[in-house]
Every structure is written in structure tokens, then in C-alpha cells.
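Trainee: Could you take me through the charged pairs of a model and then through the contact between its chains?
Mentor: Let us look at it together.

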Amino acid sequence: MAAHLKKRVYEEFSKVVQQQQEEIATKKLRLTKPSKSAALHIDLCKATSPADALQYLLQFARKPVEAESVEGVVRILLEHYYKENDPSVRLKIASLLGLLSKTAGFSPDCIMDDAINILQNEKSHQVLAQLLDTLLAIGTKLPENQAIQMRLVDVACKHLTDTSHGVRNKCLQLLGNLGSLEKSVTKDGEGLAVRDVQKIIGDYFSDQDPRVRTAAIKAMLQLHERGLKLHQTIYNQACKLLSDDYEQVRSAAVQLIWVVSQLYPESIVPIPSSNEEIRLVDDAFGKICHMVSDGSWVVRVQAAKLLGSMEQVSSHFLEQTLDKKLMSDLRRKRTAHERAKELYSSGEFSSGRKWGDDAPKEEIDTGAVNLIESGACGAFVHGLEDEMYEVRIAAVEALCMLAQSSPSFAEKCLDFLVDMFNDEIEEVRLQSIHTMRKISNNITLREDQLDTVLAVLEDSSRDIREALHELLCCTNVSTKEGIHLALVELLKNLTKYPTDRDSIWKCLKFLGSRHPTLVLPLVPELLSTHPFFDTAEPDMDDPAYIAVLVLIFNAAKTCPTMPALFSDHTFRHYAYLRDSLSHLVPALRLPGRKLVSSAVSANITPHEDPSHQFLQQSLERVYSLQHLDPQGTQELLELTIRDLQRLGELQSELAGVADFSATYLRCQLLLIKALQEKLWNVAAPLYLKQSDLASAAAKQIMEETYKMEFMYSGVENKQVVIIHHMRLQAKALQLIVTARTTRGVDPLFGMCEKFLQEVDFFQRCFIADLPHLQDSFVDKLLDLMPRLMTSKPVEVVKIVQTMLRQSTFLHLPLPEQIHKASATIIEPAGESDNPLRFTSGLVVALDVDATLEHVQDPQSTVKVQVLYPDGQAQMIHPKPADFRNPGPGRHRLITQVYLSHTAWTEPCQVEVRLLLAYNSNSRIPKSPWIEGGEVSSQVETSIEGTIPFSKSVKVYIMPKPARR
Amino acid sequence: MPEIRVTPLGAGQDVGRSCILVSIGGKNVMLDCGMHMGFNDDRRFPDFSYITRNGRLTDFLDCVIISHFHLDHCGALPYFSEMVGYDGPIYMTHPTQAICPILLEDYRKIAVDKKGEANFFTSQMIKDCMKKVVAVHLHQTVQVDDELEIKAYYAGHVLGAAMFQIKVGSESVVYTGDYNMTPDRHLGAAWIDKCRPNLLITESTYATTIRDSKRCRERDFLKKVHEAVERGGKVLIPVFALGRAQELCILLETFWERMNLKAPIYFSTGLTEKANHYYKLFITWTNQKIRKTFVQRNMFEFKHIKAFDRAFADNPGPMVVFATPGMLHAGQSLQIFRKWAGNEKNMVIMPGYCVQGTVGHKILSGQRKLEMEGRQVLEVKMQVEYMSFSAHADAKGIMQLVGQAEPENVLLVHGEAKKMEFLKQKIEQEFRVSCYMPANGETVTLPTSPSIPVGISLGLLKREMAQGLLPDAKKPRLLHGTLIMKDSNFRLVSSEQALKELGLAEHQLRFTCRVHLHDPRKEQETAMRVYSHLKSVLKEHCVQHLPDGSVTVESILIQAAAHSEDPGTKVLLVSWTYQDEELGSHLTSLLKKGLPQAAS
């Protein structure tokens, strides 16, 4: 391709370059069509043994086939199929037929007859199964053609009696995917007896092979997924399968029962061996609950998961899942939960100190105790105690979903969830904390439960602690003792893990604002004020004291009587904190003070917002003044950039937009400055040195455009065009500068050609947007393109230069939502004076903890860079699992970086920072033209690079020489 | 009539001295060989003389199976094999094989050295006995001899505990040993597949109890320890060396790890250290968490738990100490208890049941002043807590296991008679299977109807399959073939093959039958009418009219002839071979009804 272009530079070409190129491309396609099938034909004829033929087929399967040539290929394959004696080759051909019929743009109805035909003569079971698979592929490609579907269903029914399980499996699959029940089909389907697909599939529920049974259930589920209404009669059949010997059957049966229960929740089913009747959904619920204690954990997981989505179950049944009637020596015993509750309500706190405290009380009527109930008894108790953590997690999730829909159940399951906070697997603990958070609207924690919850604050895992803080943010606490307890535990947490500071403050903020009345009586104690004496003023820098103040101030917001309890220094501290931690401390209506007028009410729409107006105005000013004298433009640009930057600092919600536009303006400013340079007026050879400025500007513009393109989330296509345009200008600048500073024509050749390719590429990518770029640099350039193609490099440079000077300043439309990606490294804090010592040649692991904001797909883009004092830089790709997603737009990177170096004489600092890697290919809209695997040979479009987007942190390290 | 006989020598309506004899399919197996904690005389061991009055045990027993290493399941083993005399194989799992001798040696020491018993087994005997052990893996089918095979399933309870399936031909028995259906901190839950044994012998220690969630217990335990340690108090946990001790260690260890606690935890040394070593080794026998994390760290390589030294008891500051024995009746735990009892900040947690008369029992029942030896009075100011950690399946668990295995009969052992009664009634009610609970020495006999496998030749099967529809489980199918019994195996083959194999010539057996028809017309016409009639009735069969005037239906021949006396009556001669009996009789009955009146 490159050679081809090169030729074009010299040749005289008419104006229709593009069209001609396209013609060539289509021609090429037409050429390949016969050749591909022909080659295959020749290969297959050449093949002397089945093994050879198989090899050819395998090779053939590696390459895709165009839609146009599929039919030819299929014919050849079929032809060979009839001749072939070896089943393995036939198998491969059958599978190829299936693959080919999936090709987009190919309508496979023409090969169906052949496929059905060869099916009838086939003896090998494996090939039969594969052929049925092919038919399935064909059938799914033609969902509208009822007649074909009917025919295929017929074929499937015919082969259902095959002795091989594989064939029966495929038949059932086919029925599940294509079978229909609609009566309207019977009229136009000529003579084909309509079959009751459900009945046919249902008959195979009792097949002798478990795989076929599974396939039958799956087919039934498939029917349901395709929108056919299943009969209620299969419920009983499915229930029988619950006691199947094979786990995959049971697992599928559980699903089927669930589906039926969702379809007919209100039907009445009889309870066997009694005269009573219950709702079907309740019965199904009971059955699935029973499966939570199945022998196979796969089934248990399945059952536990499905329980969560059965919302229509009566509450009576639901609550049984948490009930496991305890007994000891045939006497009824209360559970520990009940005991705790009783103690709590009787006013006595915690005990269990006496032996026999849990001594059983009432006698149980032996006849009434039902050890394995048909009902739902204790399903969750079992699920939460299961050996496999997968089951436990599924159970916790199910609890969560059920509790969200039923407040009374939420109240009941609380004890169990709290217990899960002590699970041995961290994932389960985390999951149950999250679950609790989700249902926190429905619940109020009792003091003893709160106690258990708070105990987890000491957990050494940061994730757990933070999840717990989030939970506390939205919990309801019932008493003031509870609040006090929570505060005390949080402060304890703060002293034990100082890094949790921000999270704890945030947690207290919400805790305060949720419970103002409970905080009120605690205020004197918390501030340690005394009715008569002044107490010492606490240290303002103490994080614990700040934590207390955050709690109080947030409570005071809705409790006007509270500030009366404050002492003088509290007010001073308030003013200080309101300023320094404005996101944590709300504006208060304080006696004798004006309400701080920061209250920009949230109901102002962004366009009425004065700061947003200001932004708009200043930008418009710039865009309208593009034809002023260069000096004035420069000044105005500088001024606006400064304004925007300041605005971004002040108004965090506008920071993204402001920064984005400021960057763009800066690029423009640089471009203008570079073009103002005097060097353009003087003869080239004299300016070797001064040209630094211009080339530096070009380089910087490039960098900035990459930043604009990849560091902001929410950038739309119209911005991308402008950014690319700016980059193109920078490249033009680069071209001119190098043209002026280098001697000789040879290097220029390459550069010009590259630049023209660049322009070409731009045009191709953004062809739809070109009308918006009236009068721009690229617009003019494209007008002159034919001339440029044929001109000598020196001329090209000249043309480009004049056009660059004449080009106008493009208006950058502002996107709706734009956010700058940013990262803050929390750990290492970079404050330590103690060097990290390790033996040289070995590695030391450095924990890195950072929060990332507005980074899209951080798993692939965020890298960690370590810079050693000797200038050596090391790039580390964190594992995908190191990223967590605590909220929308936010990510958290917790990873370990391995450092190593040869021995140093004294400790020194290494720098750690985060980089955003980009790949220019990813953003460019794929034009249909590029399809077909030739992208790599195109203009080198993919430019990979990295943008640093966090402050670097210094870490003190000391590799010691190894001792011998 | 084949039968399975079960006789408990110990553990029949009783806890302790587990020893059950099973005769199945002509094989005799002894399950477990335990001692009784409650006795110090002859009753301590099972009465092996019951097995054979005179004669060697080895001749009578095909194998011995030990379910786990607790002494009430293996304590009598050296006595049985070395002193009574048994040389056959003893099967147990690998962990049991490793830990068993340690416990036996300990038991021997206490009996001989402390109590001064004579005529007890020696260390050498333990060694010799262990040489007869064959170790098995989980789910490994071991062929004891040609017919008898055994297979181990995971049972929870303690490290290496297993349930055993004993199988002879198609008859099988499952013996559970002790098992636990709820997983704990170091072991998983018992599991068995749907093996549908003829008999399930299950323990029933907690036949009448349904236990609370283990999480409450764990949380309580941790909370208590944590509070005491935070107060600066010392916590004493008396334990027996193996089993629960490891669970509590893991529990505390992970808690310490999670909560970043610094207070030291000690474990009194001795036999525990050796045992802990095996716990580290047999990771595959532990629960999911330990198995998954052991790549990073073996959970039994305790970080926070260190060996205890006598001097540590006087150290200031908080600490947690695990000390033996578990009932505070003697030894290190009692010594530490005496030192710490005076301080109300301290705490003692009893993790299990205490026998009456022990210090443990006294303090649990609320006694605050204890008389020690030498008339000393010890005032107990420390807190006393009771936590029940037990590793047996509760009633619900037992029912769950019965449900999983789907046995034909259940037999309860290892429990109290009164409680068994309740469970027995429940099992019979829920599962509709018969349930037995024999006392020691009482024999239960179960008649079995073993299925006899018959081989069928593939050709015959395929031929039959081709003839009709797929086999339907609900409908019986008729199949023609010849059963050959030869060298105690059975084969079903086609008759031609049978003839060929046995070298016999085939005899044709033909039935003929005459049917009188009243028909004045000629023979040919009669035949024609018969033909058209049959043709219309028997649509599925091939009906032909042969040129010689006879009619054939498949291979059945019908000839019409005039009656010698009455020309108005025609005689139809119907003849069919033995193989076509069904069709032939159908045809005759059809013809006997007469022909329909012809239209003419």
C-alpha cells in the first residue's frame, strides 16, 4: 500500500483518486470469490487419504469466507461429503456447513434441502449430531420462515428415537430453539401435522440418559425464553426430576420449577398425602428451599440464587426459611437470636455467662416435630452455614433481594446477616456488608446487633472497613447509646488505622445528619463542656476531634437548638472547618452570625448558574474575536485561559469543561505564537537554533491534544474531530519547521508523504464531519489535495505553510458532561523518613493505593510508573483484580509494586506516579471501508503513549548490598 | 434367602466402645474397635469371644474397618489384634493411620504409668498392630477380596474421619462412624452420594437435638475472648488435645489476624504438637477455606499461637491459653486455673461437656468456692463461660444424610436408647423405611433380594430394539431369547446362538388348528374371502394369497378345505410355529368369530 501511494506522488492523476481506489477494492473481492472455493475444491480432490482431507479442511476453516462465496464453498463441501467414506471428515464438513451458514449476509435456506437430505442417509451418530447442529444454525438464521422451521422440527422429531444420546440431545436442542406452538401455523403449513412440542420434549424428561434429560429440560427452558408459554402440567414432571441421581439434571430442574412458579404463581396445587392445597409459588419455593441442602454444591448454588427472585411467596413461607426449630432432648429451645432479643427487650444486656442459660424449656410433642419438612424450614440457615463459600454468597444475595421486597423479612434476616460478618472468607463478609447496606432503608439496628456490626471495624482488611463505613452512613440507629457506641468504635478505628480518616469523617457526616435528635443529648459529653468551668480547648489538628465535630455540626444542621450548647472555641473551629473541609461541614444558621452565603441552591439549572454563564461568555468572546490583530488575540487568549483555570479551581462541577476548553485555547495560543515567530522571514539555514521554539510548540500541542482526547470522559465525536484537526495542524507545523531546518530533499520526501497520508486518513475517518469544518485548515488542504499529491515536497511545504497561516480558529463545541480523569495516590504517602531497606538484587513490595476518578476502563489504561534516581523508569501494569469500583466514575487501585535495584551507598528517593495509557486507534470511529483485515497495513494510525495524571509521590528506598 | 446380619458388640443403644459386626453376602466385617471411657474393667473392651468361641479371629473376619481416630472407635485395636489375635487387614484413612498410634500410646501411658494397670497392651503391640493397617483414600474403591469391596466417604467430625460403604455383589452397607453435617472452621461437611445401600448404620448421638447456627456460637466465643483480652485479662480454654482444639485455634488465629490483635495465644505442648504436624500435612482433608489458602499459607502454621511454657502463666498482660485436659480435673489446665482464678478480669471458657465430679463441672454449676487437695479453699473470681462446640450431626443432619444416601433400611447405633426411639419413629415416618436399634449383642437380620445380573448379547438387544419403539420404563416388554446358565453366570442370547453354542439341532414346533366355517362356496372362494377379511383386519401384517390357494399371514399358513361330511362347511387349517404363537392364537380367535357376511 505504501508503495502504491508513493507511486501516486509522481504520477499524474485525474481528480477521482478516491473512487478509483474503491473500484480496485471491489474488483479484488470479485476476484477472490471463485478462487477460494476453487482452491478448496482442488485441495479436496488432491487429498489422497481422509487424514489429508481433514488437514485441508482444518486449514480452510482458519480463514473467514466472504458472504458472496459461501454458496460456492458449500456446494463443493457437499459434493465432497457425498463421496467421503470417513466419518471424521464428514463430521468436519458438517461442522463447516454450520459455521458457513452463520456467515453474515448469507441466506442459508438454499442449503437446507441438501442438509436434510444427507441427514437421512447418514449412519454415524456423531455426524448426525453435527448435522443437526448445522440445521440448528440454519434454523436460527431464518427465524421468520415458518415452513422451514416446521420442517426442521419434523426432522428433529424423527431422530428423537435415535439410540445415541448425542443425537437426541441435538434434536431436543433443535426443538427448544425452533419448535413453536402457535396454532396459526397449522393453516398454511401444508399437511405437516402440527406437533405439540412441549409434549414431545416432556416425554424425554424420563429418558434413560441423564444428558438427554438435561437437554430436555434445557430445551423447555429455551422454549420459555423464546416467549412460549409453558403448560402448568410440566410442573409435576419437573418436581419428580428434583430427586434425580445426576446433579446437572437436578440443577436444570430447579430452574424449570422456578420458571413455572413465575408463570403460574397463583395456581393451586394439592399437597400430597393431605387434603390441603397451596399456591404453586409457595410449593415451588418449598421445593427449591429443600434443594438448598442438596448433596451437590452446584445445585445448592443454583437453588440459593433462585430463591432470591421469588418475590410472590407468602410471607409465612418466607419467614420459615429463617426458622429452624431448635430442640434439645426433645424440648423446645430458643435460638441465640431469640435469647439476645429477649435480653435486650427486658433491659438486661448481654449474658450467657451461666451454664445452662440456654437450657431447653418446654416439652415438645414428639409427633409434631417434623425433621425434614416439605416446607421451607431453615433453608437460609442451611445456606448461610454451607461449606462452600459460593453457596453462602448466593444465599446472602438471595436474602438481600428478598429483604428488599419485604420489610418484615428484612427485619428478621438481620440477625443472620450480622452473623455473616464473621464469615471466614472475606468475600462473603464483604458481600453481606453490602447487602446490609442495600436493605438499610427497611431496618433499624438493635444495640446488640450494632455491637456486632461495629466489632468488624477492627478488621484488618481495608475493603471491609470501608464497606462498613458506607453501611454506617445509611443505617438507622435506635438509641443515643447506639450513636455513642458507633462514635467510640469509629474513633477506635481511627487510632488503629489512621489512613481511614477520610472515610470515617464521611461516615460521621451522614451519621450526624441522619440522627440529629439522638446526637443532641450527647453534645455536652462529646465536646466535654462543663456547665460552670471552661475546659481546655482541644487540639484542632486532632483527627479524632475533627471527627467528633463533623458529627455534631452535621446534626446541628437540622437541630437549631444545638449551637446553644457550643462553647466559644467551637464556633471558631466551625469557621475553620467550614473553610477547610467544606465538603464535610454544612452551612449552619448560627446565632449572631450571618448565614454564610455559599448556598447555591441545587435547583438552579446549569444554564442559569452564573459561573456557567461566565464560562460560556468568556469562550464566546474568544471565538468571536478571531480576526483581531495577533497581539490582541494572544492577550485575550492568555487572559481567558487564566480565567478558565481559576474557574475550574473554584467550581468543581465545571472543572472538567473549564480545563478542557483552557487546554484547547492553549493549543491555539501556542500555534499562533509559533506562527508569529520571526524565523519564518529569514533564510532557513540561519535558524537552526531558534526553531526550537516552534518545534517545541508543535510537540506540546501534540501532547495536549492527546490529553484532550484521552484524559477526559464524555468527549464526543464532534470534539474528537476538532482535537484531531488541531493535531493535524501541529503536524503541519512540525513539517514546516523540519523542512526549514533540514537540508536535502530525501528526508522531506518521507515526511511529506507521511503528512499527506495523515490528511488522507483524517478525511476518511471524519468524512461525515467535514461539512462542519468550513474554512478550516483541513478543508482548504483537501481542496488542494490533488495538487499536493503531484507537487514536489518543497512546494507542498510552501502550500501547507500559507494555509496554516490563513486557517481560522475552529469553535470547540462543549460537550454535555465532561470530566477530567484524575488520580490521587493515597499510599505511599511520601512522608516517611525511614527508607525502605532491602537487599539489592531482591525485590521489595511497595503497597500502592490510589483513587481514580473518571477513568474509563482503568483495567487496561492505568499503569504505575516508578522513576529511579538514575533516570531508569519502570512501568508496571496492575492486575485487573487490583481495581475496585466503589461508585460510578470512581475506581480504586490497590496494588503492589515491586522495586528492585543494585546497591546504593545511601538511601534515595524513587518517584511513583500513575500513567494513563492510550492508543489512538481505540477512539477513531471504524469506517466500513477499513473492514477486512487490512488495517495494519494502513497508515500507522495507532500511536501509543502515556499521559501522567497523578502527582508523583516520593518513596525513600535503600537497596543494601547483599551480605556474603 | 440371602440376608445381612448386624450385631453390635458395643455402641448398641450406648455411646462408647463402638464395635459392630456385619455379615453380608457371606463376608464378615468388623466396624470399629473402640474402648469405653466409663469402665476400667473387662467391660472396657468389646467382648471379642462372641465372634468365635474357639478358633482364630482371622479365619472368621474378612476385614476390620476403623472410621476415625477417637479412642471410642479405635481404642481396643491393639488388644484385639495382638492380644486376642487377628492378622487380617485393618482399613483406615491416612490421617487416622497417622494419628491413631499417638493417641493409643497416650492412652497406654495413662493406663499403665499413671493408673498402674497390668496386662495392658505395650508400645510394641501398638506398633505391630499398626503394621496390619491398610490405608485408603477418599472415594477409592478397595477390593478386600474378589467379592468384598469397601469405599470411604468424607465424614467431617475430626481430621480423617470417614464413612465406609461395604459392598458384596449388589448388596451394600454404609457405616457412618461419627460424622458432622455442618462444616466448621477446619473441616467440611459429611457427604455421600446416592449409593442406595441395603442398610445404613448411622450414629445418633444427637438424635433428639436440633442445634442453633454455628455462627452464633462462634461469634459469642470470639466476643467473649476479645472482651476479656481487651480488659487486660487472661483467658484459659481447657481442651482435649485433638479435634475441637484445632477448630478453636483456627477460629482464634483468623480472628487475631483479622482484627490485628497482639495479645499472645499459647497452646500447651505435648502430644498436640505432633498432632498439629499431621493437621498441616493432611490439608486435603480440611475445609474449602484452608484448602484454598494453603498455597499462600498453611492455616495450621499458626502465626499467633505459640507453644506454652509453664513460666508464661505468671507473665503480666493479657493472653489466651489452650491447656489440656478439657475437664480441668488434672494437669496443666488445672494448674493454670489455680493461678488465675483469683482475678475477676480473667476468664475460663469450657468448650465442651464436663463429667460430674470434675472441677470443670463444679464451676459450671456455679460453685464459687472450691476445695482443693490439702484443705485449701480456692475462691473463683474469674468469669466462667460455657460454649458448646460439638462435631456430631444433629437430628436434622442425620435425616439429611439418610435422605442423601436413600437406604432401604436404617440402623441406629452410638446413642441413647430413649433418644433413638424418637429418631427411629421419625425415620420410619418420613422415609418409609424400616429402622432398627439393636442393643449390644442383639442381632438384626435383614433379608435381601439381591438382583442377579444377566448378560444379554448385543445382537439380540439391537434386534429387539429395532422391532419396536424405545423401551419405556413404565411398560414391560416381551423379549424372546434363551437363558444360558453356565459357571454361575447368566446370559441371555438368541435361540439360534444358544443352539449353536450348545451344539443342539433345532426342532420345529408347529401348532395346527382347525376352524370350521359355514360357507357353501368353493374352497378357492372361501380362501379368497378369508384373504380379503384378514387383509382388512390385520393391516400391520403381511397377508398374502398364494397361487396354490392357501393364505399366509407372515409365516402362518391357512388352508381351506371342504369338510368331508358337510360340503356346506369348510375347514380352515391354521398352522403356525412356536415363535408365532401370539399371532397364531390371535388369528384363530379371529377366524373363529367367522367371516363377515360378504356383500354378494
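Mentor: In chain A, the side chains of Glu122(A) and Arg90(A) form a salt bridge at 2.7 Å, N to O, where the term stands for a side-chain nitrogen of Lys or Arg within 4 Å of a carboxyl oxygen of Asp or Glu. This is a predicted model, in which local features need pLDDT of at least 70 and side-chain atom pairs count only at pLDDT 80 or more, while totals for chains, interfaces and linings use all residues. Residues are numbered from 1 along each chain as its sequence is written, chains are lettered from A and ligands numbered from 1 in the order in which they are written, and side-chain values use heavy atoms, with hydrogens and water left out.

Trainee: Which parts does the pair of Glu122(A) and Arg90(A) tie together?

Mentor: Side chains of opposite charge can pair when their charged atoms come close. Here Glu122(A) sits in the loop between helix H6 (109–121) and helix H7 (125–141) of chain A and Arg90(A) in helix H5 (residues 87–101) of chain A, so the pair ties together parts that are 32 residues apart in sequence; helices (H or I, at least four residues) and strands (E, at least two) are DSSP runs, numbered from the N terminus. Both Glu122(A) and Arg90(A) are buried, where buried means under 20% relative accessible area, exposed over 50%, and partly exposed in between (1.4 Å probe, protein chains only).

Trainee: Which salt bridge joins Lys223(B) to a residue of chain A, and how exposed are its two partners?

Mentor: Lys223(B) meets Asp451(A) at 3.4 Å, N to O. Lys223(B) is partly exposed, with a relative accessible area of 26%, whereas Asp451(A), at 18%, is buried.

Trainee: Which residues are linked in a network of salt bridges?

Mentor: Asp245(A), Lys194(B), Arg196(B) and Glu406(B) are linked in such a network.
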